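Here's a walk through one model, region by region. Keep the viewer open and follow along.

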Amino acid sequence: VEIEVEGPETSRHAFLTALRKPPPLARIDRQTVRDASPRNGESRDFSILPSNDDIADQVTPVTPDAAICADCLRELFDPNDRRYRYPFITCTHCGPRFSIVTGVPYDRPQTTMASFPLCSECRAEYEDPTDRRFHAQPIACPVCGPHVSLFNSEGVSLQGADPIEAVVDTLEAGGIVAIKGIGGYHLACDAFNVDSCTELRKRKIREEKPFAVMARNLSVAGRIGNLSAEANRLLQSPQSPIVIVPRRCDSSALSVIAPNNRTIGLLLPYSPIHHLLFHGARYDALVMTSGNCSDEPICFEDDDALVRLRGIADCFLVHNRPIHVRVDDSVSRMTKCGPVPVRRSRGYAPAPICLKTSLNYPVLAVGAMLKHTFALGSGSRAYVSQHIGDLENAATWKSFVDGVERYKKLTGIDPELVAHDLHPDYLSTQYAERLGLPMIPVQHHHAHIASCLADNGCDGPAIGIAFDGTGYGDDGTLWGGEWLVVDGPRYTRAASLRHIALPGGESGIRQPWRIGAGMLDTIYANDWRGRGLPIERFMENDEWEQLRRYFGDMTYTPTTSAVGRLFDGVAAIAGVRGSITYEGQAAIEFEQAHDRTVDGAHPFDTTRNGDRYELDWSSTVRAVIDDLCRNRNIGAVSMRFHRGLAVAVADVTEQIARDVRIRVCALSGGVFQNALLLELLVPLLRDRGLRVLIHREVPPNDGGISLGQLVIAGGKAI
Ligand SMILES: [Zn+2]
Ligand SMILES: [Zn+2]
């Protein structure tokens, strides 16, 4: 943005001071001030000149979607306002942006509002520099703007009834409604109605994965969850993410919403439609889960929603302002170490992340495979895409491929390099191969650590602790419990977890009992069977006999150093569960089960394996078995395991820190969404005099990989 101001010294000074407190959605990354020759009052008015294409090519200020602001909310319920109860009320400070932009420069004709010409009253506001709606591209009113409409469960349009009132009635009566929001469809029902929640699970074929709950307001949210000041701030922020907090009340509906979980994902109403749905309604909280079936991407196009959500929704609340791209709700998890991003999407993308060191080239980083994001970067700006999802799905794949082209247009960045994961089978890697650009392969965990460093504005060197489910190592084996000493584009593997067998291969990950049984076999051979251990309840004995035959055969029984698998195996041994219905379920429930009142810690051994340390879990598993034989419950085993792991990780890290004389460590990988591990480990590392970096803007899971790839590739020497 280029601003030209003219006037006496004091006024110019006052202008610069005012600029330090920009309006809610403005973000000033950097500013330069220079003198220009006065035009001596040639133009006395304040005017915004049309976007100049050349300038738009350099930077495009497409901002993220923002929650409704306080002023618009007041007008929404003011009977004297001309936008009273108008579901598309918005202004310069709020409303949809990224989700409705179709091209650049960001002007109304380049949004999905293009087909709604402004009426004279809206135009007057749009052109008045003193108005809150001055140059707000998506503004509209009941006269000139979009409208909501109602469809029945068969997708037939229902005329006559007020759609909002009809939906409130349906929800109050325990029905399930598909609601078109900012970045896609939600499926909603009364969160305190057990039958509705149970029915929603059944229809959605979502067995146990937690639902998010939208509370009427902060005070209702505070009755459901334990809200810290930071959680309050996040819930009320313009980004309005889902915030995962400790659960407070224990209603039977909540155990359907988040089974075997002590936390709950909460969010507040963020669009005018949400506020209208709560206004005067008898329910206080709504399940607001993604509008999809099972693991598909959420619906955002009306025709698609009416087909795919048929049989799930009792009715559809639709509107005629098209969503141009799917943007999922963002998710943050509260921990004692601050909020940890779990999914960075609506409200955050496409705001750039400022890099401490400029990239040497414009780069496209294609990310990993699951929880996929990609990133485009040039200079000191990194644009990490919204959450794309799991690339195996055809619709997700399309949003990835289309998304790359869209980001190129929006940012004006034309990549000269493409960074990709080492894994040859990742679809993102195969996409990168087709681009015809020089390719920079980046090891998965190296990318995790680089991502965490970039997230903290740190160049390194640092000791990276990368714990996750699985990633392709540079030796062709599966990694995931790694200490990497990272220095820009270089890293050395300083330590790792002792390998764990994956009987039946990676497809067996949905059956953690296999991993647990494999660990027990490694330690006790076959001597652990028939002793009444909890894991035996989960086992398919015939299947196990089959799988055992292939031990030592890397084709059928690959091994991995992944800490995520250690959690799976120990959770199964401890009796948490034998199979899972969503990713990470065994580990999540194992964490949730912990009992803080129990003391003690399981031992880990550190050995030397060639040029690196190895964290050995065999004593740990023996200690778990010992706990079980003493009838210690899962809560005790969980606490002692987490504490033991934290101490061992801190010890190994301290040893490496002494060896390489580096005092900074960075924690990344999906395992660090485990709040208990984080809360135990971070103080231990700090006690040892280390500076600890954890993720703040991008997730520690694979959603953060693209940023790390980008920084590593862009840092290669010219
Ligand atoms: Zn507003
Ligand atoms: Zn209007």
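What arrangement do the 4 donor atoms around the zinc ion (ligand 2) make? The arrangement is tetrahedral, because those donor atoms subtend angles of 103 to 115 degrees. For the label, four donors need all angles between 85 and 135 degrees; four count as square planar and six as octahedral if opposite donors are over 155 degrees apart and all others between 65 and 115, and anything else is irregular.

First, some housekeeping. This is a predicted model, where local features need pLDDT of at least 70 and side-chain atom pairs count only at pLDDT 80 or more, while totals for chains, interfaces and linings use all residues. Residues are numbered from 1 along each chain as its sequence is written, chains are lettered from A and ligands numbered from 1 in the order in which they are written, and side-chain values use heavy atoms, with hydrogens and water left out.

**The zinc sites**

Donors here are N, O and S atoms within 2.8 Å of the metal (3.2 Å for Na, K and Ca); water is not among the atoms, so sites may look incomplete.

| Ion | Protein donors | Donor distance |
|---|---|---|
| zinc ion (ligand 1) | Cys-69 (SG), Cys-72 (SG), Cys-91 (SG), Cys-94 (SG) | 2.3 to 2.4 Å |
| zinc ion (ligand 2) | Cys-119 (SG), Cys-122 (SG), Cys-141 (SG), Cys-144 (SG) | 2.2 to 2.4 Å |

The site of ligand 1 is tetrahedral, with angles of 103 to 121 degrees among its 4 donor atoms. Its donor residues are spaced C-x2-C-x18-C-x2-C in sequence. Cys-69 sits in the loop between α2 (53-58) and α3 (70-76), and Cys-91 in the loop between α3 and α4 (120-127), so to speak of the pair is to speak of a link between distant parts of the chain, 22 residues apart. Helices (H or I, at least four residues) and strands (E, at least two) are DSSP runs, numbered from the N terminus.

Buried means under 20% relative accessible area, exposed over 50%, and partly exposed in between (1.4 Å probe, protein chains only).

**The mixed sheet**

An open sheet of 11 strands runs in the order β2-β1-β9-β3-β4-β8-β5-β7-β6-β10-β11, with mixed pairing. Its edge strands, β2 (157-158) and β11 (338-343), each pair on one side only. Two strands pair if DSSP finds at least two bridges between them. Strands β4 (185-190) and β8 (285-290) pair in the antiparallel sense over 5 bridges, and Ala-188 stands opposite Met-288 in β8.

**Helix α14**

Helix α14 (residues 444-455) has 12 residues, and 12 of its 12 residues are buried. Just after α14, Gly-457 takes a positive phi of about 60 degrees.

**His-602**

Look in the loop between α18 (585-592) and β23 (605-609) for His-602. His-602 is buried, at a relative accessible area of 3%. Not counting residues up to four places away in sequence, His-602 touches residues including Thr-620, Asp-627 and Phe-641, where contact means heavy atoms within 4.5 Å.

Note on methods: The expected span of a helix is 1.5 Å times one less than its number of residues.
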